[in-house]
Amino acid sequence: MKEFDTRVHYLSEGLSTVDKDRDVPTLEAIYREYHDFVWRTLQRMGIRDADLHDVAHEVFLVVDRRLSSYDPSARLSAWLFGIALRVASGYRRKAYRRYEKLVDAPESASSRLEHDEQRGVEERRRMLASLLDTLDAEHRAVLVMYEIDGLSCESIAQEIGVPIGTVYSRLNRARRKLVRSAKRLESRASKEPAR
Amino acid sequence: MSRPPLRLRDPGSEASPLLRACLTEAAPSRSMTPDEVVRLQAALPSGGTLARSTFPARRGWTFAAALALVFAGTTFAYEWFEREPSPAEDTAKEISIPVVETALPAEEPRGASAPSTRVDRPETPAADDIPSRASTTRSSPRRPDALRVPAEAPEDDPLTREIAILRRAQASMASSPSDALRLVQRHGREFPSGQLIVERELLAIEALVRSNRLAAARARAARFEAEPGREAYAPRLRSILEGAVEVPVSAP
């Protein structure tokens, strides 16, 4: 019977299902407070600007579907981070299956990389985007939050709802992979004949 | 690691000078613009995509109506599943349902990568075209998993099935508006006089917009608005159509 109450509520009010007895926030309330968090989280996970609206929309659709199972004792940002992670990971997998580059990748290592420190800002931006794409969405987000957005590890731990040791661990792994990938790229470039 | 590491862009880190330069120049993740906030909010379910149905707003009547539907649906479903009707019998039963779905406008010319869709016409379909429980897999083309709605359980009523199909359409909207449109069309075939016609139409219009079939979207929106009693949906419709010019097209 509860299911029908829920469905009737949905139809008559045009709202997401809410169990008022459990004090679960409404979709509107979550959007009001966390729309920017979701937006930035998706960027940190590698969703490109052109697709942010669609992917963010999908995140909130999932939020709407799962709101009735949300445990109010859990941190909401952590719950949202988990949903965004699943949606973003699915998006990135689909993009790769369609052979769609998540960012514009330069044609060859030597055209991307030079030892000249005066390379264009745009080329460096593309290079960094390519390197970040070697990370999975979760590690990418933690690394971007720390290295680019400048958040402290304590803030990151709080936002995504994991112990600070987990943040250190993920950050360490992401940094090692990023540095390794960059070195590989530079090494390849230095071996290619100059054009 | 028990304390925060030196940031890679800082001198002395394990990053190469080039990587340090990349990280130093990197733009931090950006906040939403006001326009993006409004646009995304309008697209939310509570913003009206699965908007108010044709049920009256009063809860008591709505609940009673839903209960009646459940009872009728359960009784019907029980009878349906307790016997094994022949395909011909299925078809005969289905033929009596009048088709009232509005015809989709003709397809706009699109690139080769876009999937083709057939145009539905408002006429009584031939027997073989009507999907029935026994003939769904026989007469329909094989559908990808995303479009398959779980088989109807005996306790499901038609309204639950309608909701299931339209929820799937809504969930597919962002990643595959063409799938969303196919689901909407399926709803139209299976529930030509369903309870959620309004929601179906709004989803169809949104799917057309997202597929960059803007002329078709506007035409369908115009037909939608022409129906009596749809004034309340004008803001929602405007929001969907205003998004038309901003729908990003992923580069191949």
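I began with Arg92(A) and Asp133(A), whose side chains meet in a salt bridge at 3.5 Å, N to O; the term stands for a side-chain nitrogen of Lys or Arg within 4 Å of a carboxyl oxygen of Asp or Glu. This pair links distant parts of the chain, 41 residues apart: Arg92(A) sits in helix α4 (residues 76–97) of chain A, and Asp133(A) in the loop between α6 (121–132) and α7 (137–148) of chain A. Helices here are DSSP runs of H or I, at least four residues, numbered from the N terminus. I found both Arg92(A) and Asp133(A) buried, where buried is under 20% relative accessible area, exposed over 50% and partly exposed in between, with a 1.4 Å probe and protein chains only.

A note on the source: this is a predicted model, in which local features need pLDDT of at least 70 and side-chain atom pairs count only at pLDDT 80 or more, while totals for chains, interfaces and linings use all residues. Side-chain values use heavy atoms, without hydrogens and water, residues are numbered from 1 along each chain as its sequence is written, and chains are lettered from A and ligands numbered from 1 in the order written.

Next I looked at Glu122(A), which bridges to Arg125(A) at 2.8 Å between the closest N and O atoms. Glu122(A) also meets Arg126(A) in a salt bridge, at 3.9 Å; these two lie 4 residues apart in helix α6 of chain A, about one turn.

I also noted a salt-bridge network linking Arg44(A), Asp149(A) and Glu159(A).
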